[in-house]
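Please look at the model shown here, and then read on about some of its charged pairs and one of its helix contacts.

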Amino acid sequence: MSNMVITIARSYGSGGRTLGKKLAAEYGIPCYDRQLLRMASDESGISEELFGKLDENMKRVPLFHAAKDAYKGEVLPPESDNFTSDDNLFRYQAKVIKRLAETESCIIIGRCADYVLKDVSGAIRLFFYASEENCIRRVVDQQGVNEREAKDRIEKIDRYRANYYKYFTGHDWNNVQNYDFCIDTASMSYEKLIRVVKAYIAEKV
């Protein structure tokens, strides 16, 4: 694969999205996050609102009801009764992610992109995390909430991300074996983190 494709998974409050955008700026390549919902909507003809509701649905899925791999199989045609099912909506997102990886260098945040591209040679899968204390501090500083609210928000969003990943891949979101490189974002400044990640990528490619 001649394109440089980087996927980023991150715990909430770790600064992973910020790092993704900074890394994209360093390389001069696009960074995709929620834009993937619009792109999947354009690809399928399904309302972008339904793709947004997929996220909401996953927030209510308990882990013991998960452990399936909705990515297996092709997207369903419009005449199918399950055309707008959660599984098919995810498959359209996965289709967009794979097309991006085939056609351009880019960074993709979330959306189980590491799993979708697990068989794509050359794709680099990163995971950013930080201790609860550091995540709380960052959320308090950035969002102006108190520590209790920040802690609750972190627990809720990380639980959702774990549910989402488990439901659609059958794997654990925070298992380091899913990724090529995991790093504690509280261990150094953003600038040094970017240098470290770039050095890893240069060696990897």
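R148 is partly exposed, because its relative accessible area is 48%, where buried means under 20%, exposed over 50% and partly exposed in between, with a 1.4 Å probe and protein chains only. Its partner in a salt bridge is D152, with the closest N and O atoms 2.6 Å apart; a salt bridge is a side-chain nitrogen of Lys or Arg within 4 Å of a carboxyl oxygen of Asp or Glu. D152 counts as partly exposed at 37% relative accessibility, and both residues lie in helix α7, four residues apart, about one turn of the helix. Helices (H or I, at least four residues) and strands (E, at least two) are DSSP runs, numbered from the N terminus.

This is a predicted model, in which local features need pLDDT of at least 70 and side-chain atom pairs count only at pLDDT 80 or more, while totals for chains, interfaces and linings use all residues. Residues are numbered from 1 along each chain as its sequence is written, and side-chain values use heavy atoms, with hydrogens and water left out.

The whole structure has 14 salt bridges. In one of these, R125 pairs with D180, the closest N and O atoms being 3.6 Å apart. This pair links distant parts of the chain, since R125 is in strand β4 (residues 124–129) and D180 is in the loop between α7 (147–169) and β5 (181–184), 55 residues apart. R125 counts as buried at 16% relative accessibility, whereas D180, at 25%, counts as partly exposed.
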